[in-house]
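Hi everyone, thanks for coming.

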Amino acid sequence: MGSLRPLLLLLAFLGSLLLSCDSFSYDEVTALVAIKEAIYEDPLSFLSGWSTLDKNPCDWRGVICYQDHVQILNLTKFSLRGFLSPELGKLTFLQQLILRNNTFVGTIPQQIGMLKNLTVLDLSSNQLSGPIPPEIRGLTSLMKINLRSNGLSGSIPKELGNLMNLVELNLDRNKFRGSIPGKTGSSFSSDNRRRFASHMNATGFCQSSQLKNADFSYNFFVGSIPQCLKYLPRSSFQGNCFHDEYSILQRSAQQCAGVQPIKPPSRSIIGHIHQKARQPTWLFGLEIVTGAFLFCFIIVAVMRAIKSCKPKSSAIIPWKKTSSGKDQTALSIDGELLKDVPRLSRQELEVACEDFSNIIGSSHDSIVYKGTMKDGPEIAVISLCISEELWTNCLELCFQTEVIDLARLNHENTSKLLGYCKEGNPFTRMLVFEYASNGTLYEHLHYVEDCQFSWTRRMRIAIGIARGLRYMHTELEPPFTISELNSSSVYLTEDFSPKLVDFESWKMMLTKSEKNSGIICNGGAYHGLPEALERRHMDMQSNIFAFGVLLLEIISGRPPYCKDKGCVVDWAAQYLGQPEMMCHLVDPGLRYFNHDNLRIVCEVVGLCIQPNPSKRPSMQILTSMLENGIDTSATADLKESPLAWAELALSS
């Protein structure tokens with residue numbers, strides 16, 4: 001028996017090891033797997049190591065554990081594209097959820113209210129929409145909430161003021177409306193950093209005694225700023241619709257049209273309420289019940305009438321199928337997001353485009369028409385070639401997302417989206433842009449023999465393209481990048497001003513639909529959702545590289561690639577670093593070029609095409625280099641043409 005005792009102890013020790021290896025919560029593993037499944041694109045393969053075969057996910061990238069439980073999920077800047085899985089709610093030990101700087105779409109799931117131990121919630125710089133779920137009021141441990149730079153809407157739940165541990169709140173750059181909840185009690189005082197309020201009567205954020213930093217800027221808030229929040233910097237409230245002496249830099253009246261504060265009840269109404277209070281309790285209760293019933297009846301009737309008269313305003317997007325194949329989780333995109341984009345009828349576009357006979361471009365998936373609207377502007381209409389039978393809810397989500405994204409562009413060097421067309425009979429999906437009458441830059445550089453661009457004109461076009469990219473990369477939030485930047489995506493106006501367009505992302509939605517992504521849609525496998533929902537703002541470095549190639553194309557007149565001459569970047573490499581050889585890069589058809597300009601352009605090209613993307617400067621820096629180093633004024637034209645000087649002398 002004595003000899004068996006060591007053996008039994010060894011078996012017990014090994015058994016304890018086996019138990020500890022399998023002790024990780026099954027719910028947490030399945031939750032993480034579900035989170036990965038809801039992410040339909042992982043271009044950098046950050047989640048490739050998340051394997052269901054591994055029962056202990058503590059070594060998975062972005063997952064930090066303590067005592068066999070997931071406590072931190074940090075997927076910052078992973079370039080992920082997808083939805084927030086409701087299975088997040090199973091990570092009940094989670095203390096920090098950090099998903100900023102990705103491309104998550106859809107709504108914040110209400111199951112997030114199950115994360116009772118959460119102290120940090122950071123979903124900033126994504127594409128989330130819809131309201132803040134009211135279930136967030138149950139997260140009493142929260143110390144930091146960061147939801148900035150999304151598309152969240154609705155009003156702020158007043159229950160956020162119940163989060164007594166909340167220290168930091170960032171809600172800026174969304175689409176929130178209504179007033180900021182906050183009413184002080186009878187006693188109130190403030191200094192530069194803190195405020196003290198009577199919690200007996202305080203509501204909303206006036207109850208948040210720990211709140212030190214908050215940002216409500218660039219939304220659509222109305223009314224007055226709560227007195228208890230005026231210890232915050234005034235910039236925390238700019239870009240709204242406040243009518244308050246404390247507020248600064250508010251939106252224009254046009255932007256705030258239709259966004260009105262809720263008026264307080266008049267004294268007569270308050271008096272009427274007091275009179276009602278004197279009535280017998282049972283009668284008062286009966287009136288409330290009757291009124292509520294009548295109100296619900298009217299609401300239901302109105303909703304049914306609207307539903308029967310109007311098409312559905314939102315598309316339900318099933319994205320996940322359970323192992324049993326019975327249940328699906330449905331997500332939707334709110335049709336209200338398109339309300340600020342003009343919707344044009346097929347009939348008026350048909351008239352404008354001469355019965356759709358004026359075709360200026362086509363491919364297997366789309367046709368481009370030129371037209372003139374009744375009120376004057378010329379338009380380019382892109383019509384998608386797809387039958388109604390092949391149109392899925394996923395494609396509808398892609399269409400709406402594309403319209404919303406393109407509608408953000410408003411710059412002299414970007415093509416403006418004038419509206420969209422969405423009809424069922426006949427089935428129609430169209431995008432309507434302003435028309436640039438001089439065709440594409442590619443056509444002028446490689447096809448048009450009569451229109452030889454001068455050096456100064458080429459420089460103006462290059463700087464115009466740089467300014468458009470700078471606007472999209474640095475002035476938009478989130479940034480916008482061109483899916484396929486090249487000379488064919490640069491259109492020229494009558495005075496040869498460049499306009500950047502992004503037609504390719506829309507075309508790729510169908511072109512790449514044959515590649516399987518494993519997304520479940522309409523009960524079957526759908527293959528195009530990742531490309532259709534591909535967001536552009538994570539790929540600025542690719543745009544900068546493409547801009548360098550485009551500059552080479554502009555100064556040399558060579559296409560980016562041709563079978564006989566190869567890649568223009570490889571050809572130019574032998575000249576870029578040698579000042580005495582740079583002249584070989586210039587289009588031989590040009591009679592004049594400026595050596596100083598050429599040096600600046602070559603310097604910018606060298607920075608753009610660096611193999612390491614992290615070493616490429618921003619468009620802010622590159623544009624400044626071109627603007628400060630190149631003269632594109634009328635004087636530059638005179639320097640370029642001796643004949644112009646003679647004409648100027650004769651006219652003076």
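This is a predicted model: local features need pLDDT of at least 70, side-chain atom pairs count only at pLDDT 80 or more; totals for chains, interfaces and linings use all residues.

Okay, start with strand S8, residues 127-130, and strand S10, residues 151-154: they pair in the parallel sense, over two bridges. If you want to see one of those spots, click on Gly 130, whose bridge partner in S10 is Leu 152.

Next up, another sheet. In what order do the strands of the open sheet of five come? The order is S21-S22-S23-S25-S24, and the pairing is antiparallel. On the edges you'll find strand S21, 359-362, and strand S24, 417-424, each pairing on one side only. On average, neighbouring strands in this sheet are turned by 20° against each other, if you ignore direction.

Let's walk across it. S21 and S22 run antiparallel and are joined by three bridges, and a hairpin of three residues takes you from S21 to S22. S22 and strand S23, residues 378-384, run antiparallel with seven bridges joining them. Their hairpin has five residues between the strands, and in it Gly 376 takes a positive phi near 120°.

Is strand S22, residues 366-372, largely enclosed or left open by the rest of the structure? Five of its seven residues are buried, so S22 is largely enclosed.

One place to look is Gly 419, which stands opposite Val 432 in S25.

Last stop, the helices. For helix H8, residues 455-475, and helix H11, residues 540-556, the axes come within 10 Å and cross at roughly 175°. Angles over 145 degrees count as roughly antiparallel, and H8 and H11 are therefore roughly antiparallel to each other. On the H8 side, the contact residues include Trp 455, Ile 461 and Leu 469, and on the H11 side they include Phe 547, Leu 551 and Ile 555. What kinds of residues make up the contact of H8 with H11? They divide into 14 nonpolar, two polar and one charged.

That's my tour, so over to you.

Note on methods:
Residues are numbered from 1 along each chain as its sequence is written. Side-chain values use heavy atoms; hydrogens and water are left out. Axes are lines fitted to C-alpha atoms, for helices over the stretch in contact, and angles run from 0 to 180 degrees between N-to-C directions. Helices (H or I, at least four residues) and strands (E, at least two) are DSSP runs, numbered from the N terminus. Angles under 35 degrees count as roughly parallel, over 145 as roughly antiparallel, 65 to 115 as roughly perpendicular and the rest as oblique. Contact means heavy atoms within 4.5 Å. Ala, Val, Leu, Ile, Met, Phe, Trp, Tyr, Cys and Pro count as nonpolar, Asp, Glu, Lys and Arg as charged, and the others, Gly among them, as polar. Two strands pair if DSSP finds at least two bridges between them. Buried means under 20% relative accessible area, exposed over 50%, partly exposed in between (1.4 Å probe, protein chains only).
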